[in-house]
Amino acid sequence: MAQVGFGIIGCGNIAPMHARSISELEHTRLVGVADGVLERARKTAAEFGCEAYGDFNELLARKDVDAVCICVPSGARCEIAEACAKAGKHVLSEKPLEVTTERVDRIIEACDAAKVKLGCVFQSRFSKSARHAREALDAGRFGKLVLGDAYIKWYRSQAYYDSGAWRGTWKLDGGGALMNQGIHQIDLLLWFMGAARRVFGRTATVAHSGLEVEDLATAMIEFENGAFGVIEGSTAVWHGHPARVEVHGTKGTAVIEDGQLKAWEFEDATEEDQRIREALSADATLGSGAGDPLAALSHGGHKMQIDDFARAILEDRPPFIEGREGRRAVELIRAIYTSARTGEWVSL
C-alpha cells in the first residue's frame, strides 16, 4: 500500500493529535518531528517512534517527507508554510491558517506556485452531524435561510494564558476567544450559511490579566443570502459550556453542540430524520474544549482530516478542506475586530 510520509513542525499541545492520527492510519507514516526546543521534539519523537530535529529545515530536506503538519503558534505559520512549499512538501496547517488575511494569502500563493496541496484543520466539519447538515442544506431542506448563530461560551484559566508567552498576543495568537477558541464554530457557521456581507462587533477583556486580546466578544452578521446571525464568544464563562452552532430556515432547523445533534426538525420530516436524531444525539467524536483545551479532546476528528488529506495526495485531488476555506473565518474574525475598534459596521 502506498504511504504518505509526514513530518510535524511544532511539538506543543496539539502535535500529539496529529502524531497519533498519522501513526494509526495505514497509508500514512510519521517520519519526523521538529521543534525549536530540541528536547521537546525528542520527547514527541520517542513517544511515536520517529526522528527529532531542532531545525525544521533538516526535516524538510528529507526526501521521504511528502507532507508537513504545521503546529506552531498561529502567527508563526506563514514563513514555515512558505518554506514547506518551496521544498515541495504538501502543507496541512492547524487553525487558523494564519492571523491576518495578508499572511493567509502568502501561504496560499506559495502553495499554488509550488503546486503542492494546502489544507487547514477544521475537524468539526468531519463530524456526522455537520455532514448531515451540509447535505440537508445542499438539498434545500431548510428552505430560505433566516438565522445562523455560533455560541462559544468557554472558560480558560489565567494559568492557561500564562503557560506560553505567545498566548493572548496579537502577533502570535492573532486574537482571543474568537480567533483561537471560537474559530471552529465560526468556520462551521460560514460553511452552513455562506459568506458574510458585513458585521458589527464588540470585544473586551474582562476576566484575565496580561492579555492583548479579547476574552469576551459578540457580533451581529448579515449574510450575503439575506440571513442574519449572531456570534457570542468568551473564555471567561465559568465553567464552560458546549459550543453550539444553529441553522434556522423557513422549513428547517438544526442545532449542533460539540458535534452532537440537539435539534433536527424539518417541515418535510422523514423516517430517516428520526434515525439521524437518535444516532447523532450521543455522538462524541470531537470531544469538548469548554473548560479545558485538552482534557476531553479526541483525535478522531484530526484522524479523519489527515486521512482525507493523505488520500488527496495519493489520488491527486483537492483535500476536503483546502487552503482557501481556511481564509474565510480569518477574514470574518478580523472584520469583527476592526468593527470593535472603530464602532462601525465592516463590509467583507
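1. Basis. Local features in this predicted model need pLDDT of at least 70, side-chain atom pairs count only at pLDDT 80 or more, and totals for chains, interfaces and linings use all residues. Residues are numbered from 1 along each chain as its sequence is written, and side-chain values use heavy atoms, with hydrogens and water left out.

2. The sheet. Six strands form an open sheet in the order β3-β2-β1-β4-β5-β6, with parallel pairing. Helices (H or I, at least four residues) and strands (E, at least two) are DSSP runs numbered from the N terminus; two strands pair if DSSP finds at least two bridges between them. β3 (51-53) and β6 (118-120) are the edge strands, each with a single partner, so one side of each has no neighbour in the sheet.

3. Strand β1 (residues 4-9) and strand β2 (residues 28-34) run parallel and are joined by six bridges. Glycine 5 stands opposite arginine 29 in β2.

4. Helix α2. This helix (residues 38-48) packs on the sheet and touches β2 and β3, where contact means heavy atoms within 4.5 Å.

5. Helix α4. Which residues of α4 (residues 77-86) are buried? They are Arg77, Cys78, Ile80, Ala81, Cys84 and Ala85 (buried: under 20% relative accessible area, 1.4 Å probe, protein chains only). These residues cover an arc of only 165° around the axis, which puts them on the same side of α4; the arc is that of the directions from the helix axis to the C-beta atoms. Their cover includes β1, α3 (56-60), β4 (67-70), β5 (90-93) and α5 (101-114).

How values were computed:
Axes are lines fitted to C-alpha atoms, for helices over the stretch in contact, and angles run from 0 to 180 degrees between N-to-C directions. Buried means under 20% relative accessible area, exposed over 50%, partly exposed in between (1.4 Å probe, protein chains only).
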